[in-house]
Every structure is written in structure tokens, then in C-alpha cells.
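Hi there,

Here is the structure I promised to pass on. My notes on it follow below.

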Amino acid sequence: MFSTNGRFVFYICWLLTISAANTRIKTLPTKQFPREFSFGAATAAYQIEGAWDVDGKGPSIWDYLVHTDPGHITDKSNGDIADNSYYNYKRDIEMLRELGVSHYRFSISWTRILPFGRANYVNQRGIDYYNKLIDELIANDIVPFTTIYHWDLPQILQEHGGWMNEKIVDWFGDYARILFQNFGDRVKLWTTINEPFVHCYFSYGYGVHPPRIRSPGVQFYECGRQILLANARAYHIYNDEFRSTQGGKVGIGLNSEHVFPASDSKDDIEGAKDYLAIHFGQYMHPIFSKSGNYPQRMIHRVQAASTAQGHNSSRLRGFNREQITYIKGSADFLGLNHYYTKYVYRNSSVIGVFEVPSMDDDAFADSYLDQSWPSSHAPWIREYGPGLHHLLVHIKDTYGNPLVYITENGVSTTAGLNDHTRVSYYRSYLSAVLEALAEGCNVQGYFAWSLMDNYEWSHGYTHRFGLYEVDWEDPERTRTPRKSAFVYREIIRSRTIDYNYNPDPYAGSTSTITSSLLVLVIVVLAGLIS
Ligand code: GAL
């Protein structure tokens, strides 16, 4: 029912809940999202598309890992089908319409476009698929916001070293050029690479994601270094070859938590600064600071630890002058992915906790979540909306108030449509965005992660991040709006956060709709007869 008549059901349900809401006395909202503020929802190719080997697509590092070593995935699952969005993309767009968002953030699968990783062979059927998706979005008045790379590196490039091979800067630039050439007439908002920190930490730092390399003190930094150079390459290609005709914007997607020092002690304050420098500043500073290059405190920490470990040079390979200049300013906006806030401390209990060498040991600070904040199904996420406000102010004050899109924010729940945890989470974080806007932070848009439940990387299908629930038992992969979908829609419509709005996601079920229609028909007939 939802897959075919989803929009109808959604509107009826929404009208019912809206009319109920209107009968209440409402408290007047104090702050509003400006009209020009963009709301969207986000996904990523491997997490939703499925069709992993269809129409000429080549294998990515994720396809390779889940087929050769499924034991590393919590439920031993894979993204072979996932949400089957390769076939269900029209329903996805219908859902975006239901929500009333203006933007959709999705990523392009590198191996759908370039099955062998390199640009010498382009798979036309891959181009056709994204053309259909982009055209359908535009036909529905939804702005495509496209991520070039969301972690699904071609396996064949991994076999040549992946992010450890300096040639990846060329490989990535060539791939980005193909996307600009084919889609840049309609796509005006690009993010180059999603979350270098998380990608490098899990793939080359702690061996959780493919290629499962464990080198948190060396390859973790090398990965980030190549990513900064690759991002800059794509940015300069756009500038030199496409900007004048296409007139779009190219940004990078960085994740960051907000951090509080755990106490007023000098150690905790310095520890929190060093922690943030390595987690966020490592990527933010080279691109968005006035001076460019890695943050001085990060350079200092890694150098000092390397020296203490007997190395005659730092494990962090620096940039030369030319590279610093090439990277500086290589983003038109910051795509910020934010999920949680941490307390950071540095005391004697940190000694011996971390692997040596490692980026954690270099930062020499540990962190924890405040246990009094509302928990979620993901042990790593607890709700603390004001953290986003603090982080946005930090970005404004430290980096000259760059243009920011919040490209991911969301929380995991278990199955079920009454997702109170998510409703509370979104209200809290969106109200933090309102606070930040009121303080002059240059935030232009917000994307909920995620449009629908999807394949959560090494956690498989054990986490649900969706505004829409996906039935993975159903071959149709039916999508059903949760309570949070109605709440998000109402926020977008009204541009305010109404804490009294309390929709019932089950009110729109097939039986309710059918019986409402039946009653209507009977009333009309009765009227005619009398
Ligand atoms: C982000 C990642 C997304 C999604 C999200 C939820 O780090 O970019 O793909 O997995 O976390 O955990």
C-alpha cells in the first residue's frame, strides 16, 4: 500500500494530525528557520542501492569484504540488496516529497560509473542510472546534493594500495571529472569525500572496515593526507574546468563531535584541544584556516610522540609549501556530520590505555558520553543537542564563519514506527541549529540521517537510522513513515519546532484510511437518499 499509494496515505495522515494539532492552543514559537534555509534527507550508495553486480557495476571494497569475510559484520549480512533503491528510487523520491524536503543528499557508487576504478572505461549504464535519479529529483523540485565518494572504493584500486597509493589523487580527480562532465549541468552541490576521519580510522586505523588494516599511528595519518590532496584535486578540477559554465559549489564532508573538557584542570583543557585537533582540525585546518596546513598542536603532538618512540622524523608526513597552498581554501562549504558530544580528559588513568603508536596515544586524551543524556540504540550516540550549537559557534569563531551544511545528523533506534527517541533527538538538535543561526552562524541547510533504514556498515542491519522504516523481510523493501517523519515534515512546513505536535504514525494504516473513506461514502450516500 505505501509503496504505491504512499503519498496519499501520508497526506491523509498528516491532515488528520494537523487538524488535531490546530484545535490545541499553541505556544508561539520564538525562533524560526528562514525561508531560504534548506532541509533535506541523506543516504549513501552502498547503504541503500543494492544491485551490487548489476548493469556492469564492478566490486567495491565493501562488496569484497562482505563476500569474503562476512564474519566481520555483526549479523553477517551484506548490501547486495539493501533497500534496493537501484530499483526503488522513485519511491525514495516520493518519500522526499512526502517529507517536504527541498534537497536530497545521495552518493554515487564509483564502481557503477568506473567498474575498473580508472577513467579509461566508463560504464554507460551506471551513468544512465544516476541520470534517471537526478532527472526524477529535479522533476519533483528536489535539489540533488551529491557525494562523490562515501567509502565504497573500487576493490581493484585497493589492490593497488587504495588510499596508501599516491596515485589515488589522480584516480579520484579523474573520477570526479567524469561526474562533473556527466551530471554537473544539473548537480550544483557536490561533496567530494565523506568523513575522512571515520573512513581512515576504521579502514586504516583500527581494521574494522575494509581493507581492515590496523595501523592507527601511521596509515591512519597517510589516509587523511591523501584524502586532503584528493579533495583539493577535485576542487581545482571543478574550478579550472567547470565552475565558469556550471556555477556550482564543491565542499567536503567532515564529521565532528563537540567536546567539553571533563574539568577545569589544565590537563583536561589541553587534552580536549589536542583531541579535537586530531579528530577534526586534521582535516578542517588545512582547508578552512587562514594559514592552512595541519593544526600546530597536532603537528607538535605527533612529532613529540614520534621522537619519544625513537623515530628520527614524525610519523605524520607533512605537506610542502605548494601542497599547503593547493589544499588551503579547497572547499566552497563545510558539510558537517554531527552525532554526539563527548567529555574529554587527560590524567594518569590514560597512561597505558592506547595502542602505541596510535592517533589516540598521540592525542593522549580519552573521552566518554555523559550517562545522564538520553541513550539510543547506538551505544556511541546519546542525545545532547546543545553540543551542535557549541560546535557551530566554534566553527564560526575559529574558521571565519564558513558556509556550512549539516550533511548528517540522526540517531539509531530499534524497529517500530513510534520512534520517540528520534523525535526527541531531532527536536533537540534542530533547536540547537536555530540557536546557532540566531548567533550568526552561516548554516545554510540540514540533512537528516537518514531518509530510511539502511545497511549500517559493519553493524549490518542491526541499527535503524531511518525517518522511514524499511521492511527487509519484504522483497519490495516496503518503506513506512515513522513518527519522526511526520514531526520532521511539520518542522519543515512550519519552520518552527512545535513540542506539542504528537502525530500517530499508525493513524495512516491501510485499514484506518479504508474505514475513513467508507464512513465518508456512507455519509454522502445517506445524504443523497434523504
Ligand atoms: C556516518 C556515516 C553514515 C552513517 C552514519 C550513521 O558516520 O557517514 O554513512 O553510517 O554515520 O552511523
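His150 sits in the loop that runs between β3 (143-149) and α7 (155-158); helices (H or I, at least four residues) and strands (E, at least two) are DSSP runs numbered from the N terminus. This is a predicted model, in which local features need pLDDT of at least 70 and side-chain atom pairs pLDDT 80 or more, while totals for chains, interfaces and linings use all residues. Residues are numbered from 1 along each chain as its sequence is written, and side-chain values use heavy atoms, leaving out hydrogens and water.

With a relative accessible area of 2%, His150 is buried (under 20%, using a 1.4 Å probe and protein chains only). Its side chain makes a polar contact of 3.0 Å with that of Asn194 (a pair of N or O atoms within 3.5 Å, where one must be able to donate a hydrogen and the other to accept it).

Both residues also face the ligand: a polar side-chain atom of His150 is 2.8 Å from a ligand oxygen atom, and an N or O atom in the Asn194 side chain is 2.9 Å from a ligand oxygen atom. For Trp457, the corresponding distance is 3.0 Å. The protein covers 93% of the 310 Å² of accessible area that the ligand has on its own (Shrake-Rupley method, 1.4 Å probe).

**Helix α11**

Of its 23 residues, 18 are buried, so α11 is largely enclosed by the rest of the structure.

Best wishes

Notes: Buried means under 20% relative accessible area, exposed over 50%, partly exposed in between (1.4 Å probe, protein chains only).
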